[in-house]
Amino acid sequence: MSVTKSHHYDVVVLGGGTAGELCARELAAAGREVALVENRLIGGESPFFASVPSKSLLHAARRGETWETAIARRDELTCELDDAPATARLEESGVTVLRGYGRIARAGVVEVDGAAYGYADLVVATGSEPVVPEVEGLADAPVWTSDEALTVPDLPRRLVVLGGGRVGCELAQVYGAFGSQVTLVESAPALLAEEAPFTGELLADALRRMGVDVRTGAAPAKVERSDPGLRLWLSDGSLLDADRVLVATGRRPRTRGVGLAAVGVTTGPGEPLRIDETCRLHGRDGLWAAGDVTGMKTAHAAAYQARVVAANVLGKRRTADYRALPRTLFTTPSVYAVGVSPRRAENEGMDLLSAGYDLAATVRGRVEDAGPGRVELYADRSTGKLVGAAAVGPYAEEWMGEIALAIRAEVPLSVLTDVAHAFPTYGEAVEAPLRELADRL
Ligand SMILES: Cc1cc2nc3c(=O)[nH]c(=O)nc-3n(C[C@H](O)[C@H](O)[C@H](O)COP(=O)(O)OP(=O)(O)OC[C@H]3O[C@@H](n4cnc5c(N)ncnc54)[C@H](O)[C@@H]3O)c2cc1C
Ligand SMILES: NC(=O)c1ccc[n+]([C@@H]2O[C@H](COP(=O)([O-])OP(=O)(O)OC[C@H]3O[C@@H](n4cnc5c(N)ncnc54)[C@H](O)[C@@H]3O)[C@@H](O)[C@H]2O)c1
């Protein structure tokens, strides 16, 4: 179809999720004429299908609410999947919203459902999509991804969750807490295999204690419909009967169909877009990318990059620093990790010094009978700096924030050991390992 150029914008943003929406908003606030192209909901995954509904259900589970109350609150928080308020706020901030599927037609031109729009700068923020593993029969089975698991009102009697990463563990806890009989199947030998081993071990124990059947080192080999529900054969030879399968085996950057080849950007299927430290795409002028499409995995990372892109489009050179982006699970107990993990240090040949502390040894942990929990801190022996940390415990994502700051700001251990924490708090748990690291370095 031949297209005509309808308008020229300073900036066109492809994708209105966390990254795209924030970037568009910042650029419009700075006086740029900005259009944002979105083919689903303004706000993207996080407020409607991901962070917000999952955190709402986890919170309801902690409070012991009924499933009906929990999903009513979830649906209220996700505005019943109505993005009209978010769209109105974005338009009020000066951004033009173009509804439809955006594709780069050629350098300087984006096509949206037959109409063409010019741009000086283009920001690709098209997010990611779930990966469904190729397993015999899986495509014909009643399968959910997190999208369905976080929007439908059903509470399956028997649920098999494939994948023990962040989505799988959070949703296994949600459905297990509300009464589904949940089996969590993870192909790696442990949950959260990329993180410090104690995190996956404590999380698996917590899930098992609440009745989730956690199977590690096993993957689905074959799926068949049965009456009622379906039957799964696992690679270890065991058999599972279920009413529903939730696939949570990862996500891949959404790069197909965006027309990147038209501007000379080639990328393999499932590969993230390559950006430099300023979030410039493939080193090309006027082309930028932010969020999951670049291989990021969290909303806060998407927002961080969006700000970096906006600053650079506005001509203020800003580089991204990824050393202290938190990785969290909002389960009970929470899991928090930041910076270098023991696994990564091993892969990179980094000489890591570690020190840990059990939360049960803190007064707060005893007062609240918090159950098993732990903090580990990691320093690079060659530089003497704190480079990573992991924690499992109540609201670890809140009280470990100071460690992210310490890593990012390279705060010396001599200063960190001189900080007093309020008594009695979980935050006190970092004091002993900090002192130990300082003594041993
Ligand atoms: C179940 C779940 C729970 C999560 N929980 C958390 C959490 O607690 N904390 C956290 O930090 N992160 C969490 N995440 C991750 C977080 O949701 C993502 O990192 C975040 O949404 C990424 O934002 P984004 O802007 O890169 O992409 P998205 O939010 O995916 O937005 C991309 C948008 O682009 C649109 N789009 C794509 N292609 C086109 C096109 N060609 N034309 C027009 N529009 C297009 C899509 O429709 C979409 O709206 C969770 C993820 C999942 C799946
Ligand atoms: N709290 C948070 O910040 C949060 C919460 C949920 C999701 N997310 C993000 O959403 C994205 C998607 O999460 P996810 O959990 O789907 O992906 P993930 O990559 O974190 O985990 C996928 C897991 O599935 C396993 N797996 C892969 N193939 C398998 C198979 N065939 N059978 C069994 N197991 C298999 C992998 O070993 C891995 O442990 C991630 O980027 C994650 O960071 C973030």
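## Residues 326-431

Over residues 326-431 the chain is 27% helix and 30% strand. Helices (H or I, at least four residues) and strands (E, at least two) are DSSP runs, numbered from the N terminus. UniProt, in an unreviewed entry, lists this stretch as "domain: Pyridine nucleotide-disulphide oxidoreductase dimerisation". Such annotations may be inferred rather than shown by experiment; feature names are shortened, and positions follow the numbering used here.

This is a predicted model: local features need pLDDT of at least 70, side-chain atom pairs count only at pLDDT 80 or more, and totals for chains, interfaces and linings use all residues. Residues are numbered from 1 along each chain as its sequence is written, while chains are lettered from A and ligands numbered from 1 in the order in which they are written.

## Around ligand 1

Ligand 1 is surrounded by 37 residues (C-beta atom, placed from the backbone, within 6 Å). Gly 15, Gly 17, Gly 44, Gly 127 and Gly 291 are the closest. Elements giving two or more residues to this shell are helix H1 (18-29), strand S2 (34-38), helix H2 (45-49), helix H3 (51-62) and helix H9 (299-313).

The shell has 12 nonpolar, 18 polar and 7 charged residues. Ala, Val, Leu, Ile, Met, Phe, Trp, Tyr, Cys and Pro count as nonpolar; Asp, Glu, Lys and Arg as charged; the others, Gly among them, as polar.

## H1 against H9

H1 and H9 pack at an angle of about 30°, with axes 8 Å apart. Axes are lines fitted to C-alpha atoms, for helices over the stretch in contact; angles run from 0 to 180 degrees between N-to-C directions. The two helices are therefore roughly parallel (under 35 degrees).

Technical notes. Parallel < 35°, antiparallel > 145°, perpendicular 65-115°, else oblique.
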